[in-house]
Amino acid sequence: MASPKKKLQGLVAATITPMTENGEINFSVIGQYVDYLVKEQGVKNVFVNGTTGEGLSLSISERRRVAEEWVTKGRNKLDQVVIHVGALSLKESQELAQHAAEIGADGIAVLAPFFLKPWNKDVLINFLKEVAAAAPALPFYYYHIPALTGIKIRAEELLDGIQDKIPTFQGLKFSDTDLLDFGQCVDQNRQRQFAFLFGVDEQLLSALVMGATGAVGSTYNYLGKKTNQMLEAFERKDFSVALNYQFCIQRFINFVLKLGFGVSQTKAIMTLVSGIPMGPPRLPLQKASREFTDNAEAKLKSLDFLSFTGLKDRNLEACS
């Protein structure tokens, strides 16, 4: 059975795919991106070619090369590089899974195919099993994101006996707000050393209470340091401090959600915070507006998420 070097836990950044203004992938900044995550945000695990990375908007050859860059540039710097290899085509998923194994990735993840859909647990597991079998030495994670896939099979149901069918199964990325389902995943699998990775950044503290062992999210690209402070407070059982950090993070996310927050806006914010050009998204997504970026920058500054000159007194909303 596949066994990771160590359990995938803590923060995992859902990586952005940097692009040039004409829509080509900007591979040249990925090394700088790795260093930024590690040194500035304290994030040493990545989830590549997922939703935030526009994985399903990339060609198979592009996905392969992006994966190669993250594995190569992350060597001896990142703890784990997990590659999302989900696709509508089983053959493409298998090709990407095999490639991830060949380049030395630390794990693979797969979401449910969402055009011709599996409508019950057994059919979905059969699909996942075939992908996992293409990389039998790699830990396998299920990417549960029903709001985008339209697959309403509960994760609790899917996990029941899954390791009997998929021996390399090591955990799931749970990107849903159903904490009952998430809690039951944890409760019913206490004897297994699964990674329970929560994927709704603004609700992470609630998921930690339910037993989350880590988190995969887009905001950890630029709010990783602040979220790590929340994790540290939770670990030392300083729950009031942890809650303060979560509320502070929520203030920002709530603010940008009202403006219209998605992959395009994440790219703009990451460019703003890190100074690394992430470029525009690929169609059908549209580039974030200048108005959005200006408003997001002002909010980040008011919450003390950006260092900048000219502020005499810290805003009362700022995290302490």
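Which residues does Lys117 touch, not counting residues up to four places away in sequence? In this predicted model, where local features need pLDDT of at least 70, side-chain atom pairs count only at pLDDT 80 or more, and totals for chains, interfaces and linings use all residues, the partners of Lys117 are Thr149, Gly150 and Ile151, with contact meaning heavy atoms within 4.5 Å. Residues are numbered from 1 along each chain as its sequence is written, and side-chain values use heavy atoms, with hydrogens and water left out.

Lys117 sits in the loop between strand 4 (107–111) and helix 4 (121–133); helices (H or I, at least four residues) and strands (E, at least two) are DSSP runs, numbered from the N terminus. Its relative accessibility is 27%, so Lys117 counts as partly exposed, the class between buried (under 20% relative accessible area) and exposed (over 50%), with a 1.4 Å probe and protein chains only. A polar atom of the Lys117 side chain lies 3.0 Å from the backbone oxygen of Phe114.

Lys173 is buried yet has no salt bridge (a side-chain nitrogen of Lys or Arg within 4 Å of a carboxyl oxygen of Asp or Glu). Asp201, the nearest side chain of opposite charge, is 7.1 Å away; here Lys and Arg count as positive and Asp and Glu as negative, while His and the chain ends are not counted. Leaving out residues up to four places away in sequence, Lys173 touches Phe47, Tyr142, Tyr143, His144, Leu197 and Val216.

Notes
A polar contact is a pair of N or O atoms within 3.5 Å; within protein, one must be able to donate a hydrogen and the other to accept it, and residues adjacent in sequence count only if both atoms are side-chain atoms.
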